Each structure stands twice: as structure tokens, then as C-alpha cells.
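Biologist: I have a model open on my screen and would like to learn how to read it. Could you take me through it step by step?

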Amino acid sequence: TMYPRRLLLPQMEEAIAKIRLATANRALGELVLWCVVVGGIAASSQPERLVFAIQLFNVSTFLCLAQWSDAKVVLRKFPWVDSVCDRGGAAFWNEVL
């Protein structure tokens, strides 16, 4: 249902906004990438998607990721199930980058 997403998405958005990539190390940037992509997938057709899209652009630039395949290498360091996440993740990536 949408109810858990409506609660979680603003909390994720707020937490991610507090992270300053300019002072982050690569490991934190990779975690932010995972959070942003998962948030972007969950925010499909929601107003929060724009915020996650902006953050995806920022974090992919920070991590020097230009291709979805490069992003997937990072995303697989965290809980990521290709059969569940790939289609939405790739669509979100292509929408932004």
C-alpha cells in the first residue's frame, strides 16, 4: 500500500538532505547512492521523486558514475535484488542521467 511510503519517503528525503557530499568519503557517498536510488524507485509517481532525482544527479557526479552498469556495481554492495530492483532503478537512472 501507499501508506508506508507516504511516511517513509519524507523521512528519507530529510535524512539524505542532511548529508553534505562535499565533506563525505566515498563509502558514505555509496550509501547515499543506494538510499537515493531505492527512494527514487519507491517515489515513482510521487512528488518526492524530484528531490531523489536531484540527489541522484549530485551523488552520481560525486562518485564519478556515468553509466547504470557502474552504479549497479556500487548498489550491489548493499541489499539489492536484481530481479526486484533493476527495472525501477534503471528507469530512474535513465530519467535523471
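Modeller: Gladly! Let's start with helices: helices (H or I, at least four residues) and strands (E, at least two) are DSSP runs, numbered from the N terminus. Gln-55, for instance, sits in helix H3. Bear in mind that this is a predicted model, where local features need pLDDT of at least 70 and side-chain atom pairs count only at pLDDT 80 or more, while totals for chains, interfaces and linings use all residues. Residues are numbered from 1 along each chain as its sequence is written, and side-chain values use heavy atoms, leaving out hydrogens and water.

Biologist: Is Gln-55 buried or exposed?

Modeller: We judge that by relative accessible area: buried means under 20%, exposed over 50%, and partly exposed in between (1.4 Å probe, protein chains only). Gln-55 has 18% relative accessibility, so Gln-55 counts as buried.

Biologist: Which residues is Gln-55 in contact with, leaving aside its neighbours within four places in sequence?

Modeller: Contact means heavy atoms within 4.5 Å. With those neighbours left aside, Gln-55 is in contact with Ile-16, Ala-17 and Val-36. The C-alpha atoms of Met-12 and Val-51 are 10 Å from each other, although 39 residues separate the two along the chain.

Biologist: At what angle do H2 and H3 pack?

Modeller: Helix H2 (residues 26-42) and helix H3 (residues 49-62) pack at about 150 degrees, and their axes are 9 Å apart. Angles under 35 degrees count as roughly parallel, over 145 as roughly antiparallel, 65 to 115 as roughly perpendicular and the rest as oblique. H2 and H3 are therefore roughly antiparallel to each other. Among the residues making this contact are Val-36 of H2 and Gln-55 of H3.

Biologist: What classes of residue make up the contact of H2 with H3?

Modeller: For classes, Ala, Val, Leu, Ile, Met, Phe, Trp, Tyr, Cys and Pro count as nonpolar, Asp, Glu, Lys and Arg as charged, and the others, Gly among them, as polar. The contact of H2 with H3 has ten nonpolar, four polar and two charged residues.

Biologist: How do H2 and H4 cross?

Modeller: Their axes come within 9 Å and cross at roughly 105 degrees. H2 and H4 are therefore roughly perpendicular to each other. Here Arg-26, Glu-30, Leu-33, Trp-34 and Val-37 in H2 meet Ala-71, Val-74 and Leu-75 in H4. By class, that contact has six nonpolar, no polar and two charged residues.

Biologist: How many aromatic pairs does the structure hold?

Modeller: Rings of Phe, Tyr and Trp (its six-membered ring) pair if their centres lie within 6.5 Å; planes under 30 degrees apart count as stacked, over 60 as edge-to-face and the rest as tilted. The structure holds three such pairs. One of them joins Trp-34 and Phe-78 and is tilted, at 6.2 Å centre to centre with 35 degrees between the planes. Trp-34 lies in helix H2 and Phe-78 in the loop between helix H4 (68-75) and helix H5 (82-96), so the pair ties together parts 44 residues apart in sequence. Phe-78 is partly exposed, with a relative accessible area of 22%. Now look for Trp-68, Trp-80 and Trp-93, which form one aromatic cluster.

Conventions: Axes are lines fitted to C-alpha atoms, for helices over the stretch in contact, and angles run from 0 to 180 degrees between N-to-C directions.
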